[in-house]
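Morning, everyone. I'll take you through one model today, a few residues at a time. Please have the structure open.

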Amino acid sequence: MRLKKITNGLSESEDSVYYDSKLIPPSISEPFLAEIDQVIYLVEGAKNEITDGMWLIDIDGLVSIKRLYRLPGKKLRVENGPASFDCSPDDISVLGKVIFKTEQI
């Protein structure tokens, strides 16, 4: 499986790693891992309709995990604390939906 390491919004490297397939839900067709700030996310990379949830997105060349919400009029709400905003789906590039995460404590 691919592991994309992302630092400060930029893709630092991409490696091949072993991952137990029993941990991947059978409905996932294009899984990959993304590591951001010592958190590893299992991401569904297949292009699906954007629904409410956590997504790996690219905004102006910077990659991050954000919570997205569908709004009426084909708009999206991108949650980012005090810097949250509404936009068109064409304003961001969606790289995949987060299925689950693993983080150090």
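First, a definition: helices (H or I, at least four residues) and strands (E, at least two) are DSSP runs, numbered from the N terminus. This is a predicted model, where local features need pLDDT of at least 70, side-chain atom pairs count only at pLDDT 80 or more, and totals for chains, interfaces and linings use all residues. Residues are numbered from 1 along each chain as its sequence is written, and side-chain values use heavy atoms, leaving out hydrogens and water.

Start with Ser 64. It sits in strand β6. Contact means heavy atoms within 4.5 Å.

With residues up to four places away set aside, its contacts include Ile 6, Gly 9, Leu 56 and Leu 95.

Now the core. A nonpolar core is a set of buried Ala, Val, Leu, Ile, Met, Phe, Trp, Tyr and Cys residues joined through side-chain atoms within 4.5 Å. The largest has 11 residues, among them Val 63, Ile 6, Ile 36 and Leu 56. β3, β4 and β6 (62-71) each give two or more residues to this core. Another core lies apart from it, with 9 residues, including Ile 50 and Trp 55.

Last, Asp 37. It is in the loop between β3 (31-36) and β4 (39-44). Asp 37 counts as exposed because its relative accessibility is 66%. Its C-alpha is 9.9 Å from that of Gln 104, 67 residues apart along the chain.

Terms used. Buried < 20%, exposed > 50% of the residue type's maximum accessible area, 1.4 Å probe, protein only.
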